[in-house]
Amino acid sequence: FFETTFSVMRIGGTILLFVAMMKAMGMELFKKKETLVTDVPKISFRDIAGNNESKEEMKFLVNFLKEPEKYNKMGAKLPKGVVFYGPPGTGKTLTARALAGEAGVPFFSASGSDFVEMYVGLGAKRVRELFDDARNNAPCIVFIDEIDAVGTSRGGRDGNSEKDQTINALLAELDGFNSHKPIVVIIATNRVEDLDKALIRPGRFDRHIAINLPDNRDRLEILSLYAKNKKISSEIDLEELAKLTIGFSGAG
């Protein structure tokens with residue numbers, strides 16, 4: 001009897017110690033993660049300089065989110081998924097926020113790394129929680145940055161890994177959308193060619209929008225935006241400065 005009791009106590013103590021260690025490292029088990037939500041971003045396309053072609057491509061999304069009933073009556077379909085791709089620092093997150101602000105809809109933001117967990121199934125659970133929140137606030141935009149953390153090509157993996165279950169949950173949510181409650185899901189990546197083919201096939205993330213490094217005209221727009229309402233020397237020539245900053249982005 002005493003040996004059995006001691007064994008049970010030892011196992012229980014080990015479990016409690018393990019949970020305490022996980023909490024100390026900020027890894028609480030089975031707790032719902034907070035999703036970054038804003039009511040409606042207070043920025044719009046007017047606050048972003050450059051990438052005018054990309055902003056033009058997004059006008060249909062803006063109009064659909066503003067008047068979904070009108071477009072549903074016309075038989076138009078909202079793209080379920082959009083991929084923002086381009087080099088780091090080009091403003092993919094800022095552009096997604098501006099899109100939500102332009103359309104006047106709530107903006108849900110998460111990072112691909114938020115869905116990477118030690119335990120199989122937790123990442124998929126977090127995906128379902130994110131989209132439950134989004135459905136309750138539709139029409140809205142869901143933005144997942146750094147999708148590469150879970151969405152790269154599966155290659156030789158057996159399909160049972162945590163990343164695979166997370167991607168499958170994301171695809172299941174995407175396939176189950178109702179056009180009468182429009183939700184635009186935007187994922188961001190630096191390398192669209194590395195994404196899993198199941199993600200970017202037709203009917204899923206099939207609308208790809210490049211957020212590129214600014215050209216000379218865009219750099220001049222960015223510099224003019226930063227210089228607005230600031231006292232700068234009359235000797236500073238913004239046009240010349242734009243020519244000297246090839247390869248730079250708005251982030252630096």
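Biologist: Which residues of α8 are buried?

Modeller: The buried residues of α8 are E162, D164, T166, I167, A169, L170, L171, E173 and L174, where buried means under 20% relative accessible area, exposed means over 50%, and partly exposed lies in between, with a 1.4 Å probe and protein chains only. Please keep in mind that this is a predicted model, in which local features need pLDDT of at least 70 and side-chain atom pairs count only at pLDDT 80 or more, while totals for chains, interfaces and linings use all residues. Residues are numbered from 1 along each chain as its sequence is written, and side-chain values use heavy atoms, leaving out hydrogens and water.

Biologist: What do the buried residues of α8 pack against?

Modeller: They pack against α6 (122-136), β4, α7 (148-151) and β5 (183-189). Helices and strands here are DSSP runs numbered from the N terminus, a helix being H or I over at least four residues and a strand being E over at least two, and the chain comes to 10 helices and 6 strands.

Biologist: Why is M58 called buried?

Modeller: M58 has a relative accessible area of 0%, and therefore it is buried. This residue lies in the loop between α2 (52-57) and α3 (59-66).

Biologist: What is M58 in contact with, leaving aside its neighbours within four places in sequence?

Modeller: M58 is in contact with F45, F84, T95, L99, I209 and I211, contact meaning heavy atoms within 4.5 Å.

Biologist: What makes F60 and F64 an edge-to-face pair?

Modeller: The structure holds 4 aromatic pairs. In one of them, F60 and F64 are 5.8 Å apart centre to centre with 75° between the planes, which makes the pair edge-to-face; rings of Phe, Tyr and Trp (its six-membered ring) pair if their centres lie within 6.5 Å, and planes under 30 degrees apart count as stacked, over 60 as edge-to-face and the rest as tilted. Both residues lie in helix α3, 4 residues apart, about one turn of the helix. F60, at 26% relative accessibility, counts as partly exposed, whereas F64, at 1%, counts as buried.

Biologist: Why is the pair of F107 and F143 called stacked?

Modeller: F107 and F143 have 25° between their planes and are 6.1 Å apart centre to centre, and the pair counts as stacked. F107 lies in strand β3 (residues 107-111) and F143 in strand β4 (residues 140-145), so the pair ties together parts that are 36 residues apart in sequence. F107 is buried, at 2% relative accessible area, and F143, at 0%, counts as buried too.

Biologist: How do you know that R204 and D175 make a polar contact?

Modeller: Their side chains make a polar contact at 2.9 Å, the term being used for a pair of N or O atoms within 3.5 Å, where within protein one must be able to donate a hydrogen and the other to accept it, and residues adjacent in sequence count only if both atoms are side-chain atoms. R204 is in the loop between β5 and β6 (207-210), and with a relative accessible area of 12% it is buried.

Biologist: Which residues have the most contacts inside the largest nonpolar core?

Modeller: They are L130, F131, V142, I144, L170, V185 and F205, in a core of 29 residues; a nonpolar core is a set of buried Ala, Val, Leu, Ile, Met, Phe, Trp, Tyr and Cys residues joined through side-chain atoms within 4.5 Å. At least two residues of this core come from each of β3, α6, β4, α8 and β5. Apart from it lies another core, of 25 residues, including A96, A98, I209 and I211. In soluble globular proteins, nonpolar side chains tend to be buried together.
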